[in-house]
2 protein chains.
Amino acid sequence: MDRAEAEVRLLDAAEELFYGRGIQAVGMDQVRAASGVSLKRLYQLYPSKSELLVACLERRDLRWRTRLAEYAESGPGGVERVLAVYDWLYEWFSEPDFRGCAFINSFGELGAVDPAVAVTVRAHKSAFHDYMAGLVAAAGESGQTVGPLVLLAEGAMTAAAISGSPEPARQARQGAAQLLAAR
Amino acid sequence: MDRAEAEVRLLDAAEELFYGRGIQAVGMDQVRAASGVSLKRLYQLYPSKSELLVACLERRDLRWRTRLAEYAESGPGGVERVLAVYDWLYEWFSEPDFRGCAFINSFGELGAVDPAVAVTVRAHKSAFHDYMAGLVAAAGESGQTVGPLVLLAEGAMTAAAISGSPEPARQARQGAAQLLAAR
DNA sequence: AGTGTCAGAGAACGATCGTTCTCTGCCCTC
DNA sequence: GAGGGCAGAGAACGATCGTTCTCTGACACT
């Protein structure tokens with residue numbers, strides 16, 4: 001197993017465990033067991049739990065935004081492309097192991113005590129905001145709606161996590177459609 | 001110091017610490033030091049950290065909803081009463097020690113491993129949803145908007161926490177006003 | 001083949017946690 | 001005034017955590 005594969009296995013295992021049970025509820029030895037990578041190697045690649053977590057979040061940020069963009073840009077453009085974001089949220093919320101937004105969860109758990117986590121979470125949310133702003137601008141809509149549109153998505157993530165239902169995505173889509181229809 | 005005062009001091013101290021730094025980042029000994037209540041008494045009143053946390057959340061739920069209702073119902077009725085919710089959020093977000101919604105944070109940290117926490121958080125969010133539904137109905141608006149209106153508020157809470165700015169409350173209010181104007 | 005290098009397994013370490021126990025001193029009752 | 005129960009302070013306990021160290025065995029090279 002070379003360095004690249006060890007990294008992948010570590011990030012896969014750590015991300016699933018951290019996301020599924022919370023960060024402080026997972027010990028480094030559980031990451032070792034789930035990944036099959038020895039503790040020694042783990043600490044060579046990621047010198048602390050915090051750095052492992054940040055690496056997980058950064059990879060997740062990339063994958064999440066890529067998947068979202070692929071979905072949105074596979075359909076028609078304009079306003080429908082904005083609304084497709086909420087359709088994608090519905091699919092995400094429906095995944096069996098969905099447990100909310102990993103960034104919101106991480107920020108709530110460690111944002112106050114781990115500055116690196118706070119920075120990473122802010123970067124992710126900022127990137128999402130910028131992406132939505134781009135879609136809205138491409139649809140020729142007023143930039144004033146971007147804020148509420150993002151809030152609908154953020155609210156849907158937490159509501160879906162807490163209620164255990166994907167339905168908030170539908171409600172967010174309805175709200176977004178109304179906001180975009182009003183002129 | 002009688003039992004009632006010990007409870008108040010414990011809940012005050014624990015709530016501030018848990019909310020400000022995260023739950024697992026705070027030890028029971030810090031709660032003892034901040035409250036001035038001995039460890040023995042603490043465990044007589046709340047036999048475990050989880051029960052102390054749930055008691056904090058339940059009291060916070062009551063106080064939070066009471067403060068919100070007092071604010072909303074101190075102004076005019078109708079649609080403006082719905083919008084007043086977002087004005088209140090702005091004031092809340094502007095408090096110096098604001099760190100997001102304690103229920104969302106607690107759920108993210110412990111929802112997956114502590115069922116009592118999950119139940120308490122769901123109850124709080126459900127109560128907030130019902131309260132908003134009541135305001136919307138009293139304003140003579142369609143019940144269909146309740147979902148998006150709640151999502152705007154939830155999204156504003158997390159966005160304000162992560163960005164460290166109260167501005168999301170303004171954006172949520174704008175979005176809500178548009179949703180209520182559209183018919 | 002013999003030797004040096006490295007990786008893995010897992011013990012070890014020091015810290016901290018939630019929780020309980022011990023000891024001491026005070027207050028109330030007779 | 002003597003004795004008993006109770007509360008507070010803080011040590012103690014067992015578990016677990018993040019992180020490091022030790023030991024052993026396998027592989028690479030001359």
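Visitor: In this predicted model, what share of the contacts in chain A with a separation of 6 or more comes from residues 24 or more positions apart?
Guide: The model is predicted. Chain A holds nine helices and zero strands. Among its contacts with a separation of 6 or more, the share that joins residues 24 or more positions apart is 60%.

Visitor: What share of the residues in chain A is buried?
Guide: The C-alpha atoms of chain A fill a box of roughly 60 × 30 × 30 Å along the principal axes. A residue is counted as buried if 20 or more other C-beta atoms lie within 10 Å of its own. Of the 183 residues in chain A, the buried share is 43%.

Visitor: Which UniProt annotation covers residues 4-64 of chain A?
Guide: In the model, the span of residues 4-64 of chain A is 80% helix and 0% strand, and its end C-alpha atoms lie 21 Å apart. The annotation comes from an unreviewed UniProt entry, where it reads "domain: HTH tetR-type".

Visitor: Which elements give two or more residues to the surface near DNA strand C?
Guide: The residues around DNA strand C come from both chains, including A:Leu39, A:Lys40 and A:Arg41 as well as B:Leu39, B:Lys40 and B:Tyr43. By class, this surface has five nonpolar, three polar and four charged residues. The elements that give two or more residues to the surface are helix H3 (39-45) of chain A and helix H3 (39-45) of chain B.

Visitor: How many charged residues does the surface near DNA strand D have?
Guide: DNA strand D is surrounded by residues of both chains, among them A:Lys40, A:Tyr43, A:Lys49, B:Met1, B:Lys40 and B:Arg41. H3 of chain A and H3 of chain B each give two or more residues to this surface. Besides five nonpolar and three polar residues, the number of charged residues is four.

Visitor: Which element gives the largest share of the side of chain B that touches chain A?
Guide: In the contact between the chains, 39 residues of chain B meet 39 residues of chain A. On the chain B side, the elements giving two or more residues are H1, H6, H7, H8 and H9. The residues of that side divide into 20 nonpolar, 13 polar and six charged. The largest share, twelve residues, comes from H8(B).

Visitor: Are H5(B) and H8(B) roughly parallel or roughly perpendicular?
Guide: The axes of H5(B) and H8(B) are 11 Å apart and form an angle of about 10°. B:Tyr86 and B:Phe93 of H5(B) are among the contact residues, as are B:Ala153 and B:Ala156 of H8(B). The residues of this contact divide into nine nonpolar, no polar and no charged. Angles under 35 degrees count as roughly parallel, and H5(B) and H8(B) are therefore roughly parallel.

How values were computed. Residues are numbered from 1 along each chain as its sequence is written. Chains are lettered from A and ligands numbered from 1 in the order in which they are written. This is a predicted model: local features need pLDDT of at least 70, side-chain atom pairs count only at pLDDT 80 or more; totals for chains, interfaces and linings use all residues. A residue is near a molecule or strand if its C-beta atom, placed from the backbone, lies within 6 Å of it. Helices (H or I, at least four residues) and strands (E, at least two) are DSSP runs, numbered from the N terminus. Ala, Val, Leu, Ile, Met, Phe, Trp, Tyr, Cys and Pro count as nonpolar, Asp, Glu, Lys and Arg as charged, and the others, Gly among them, as polar. Two residues are in contact if their C-beta atoms, placed from the backbone, lie within 7 Å. UniProt positions are given in the numbering used here, feature names are shortened, and annotations may be inferred rather than shown by experiment. Axes are lines fitted to C-alpha atoms, for helices over the stretch in contact, and angles run from 0 to 180 degrees between N-to-C directions. Angles under 35 degrees count as roughly parallel, over 145 as roughly antiparallel, 65 to 115 as roughly perpendicular and the rest as oblique. A residue is buried if 20 or more other C-beta atoms lie within 10 Å of its own, exposed if 12 or fewer, and partly exposed in between; C-beta atoms are placed from the backbone.
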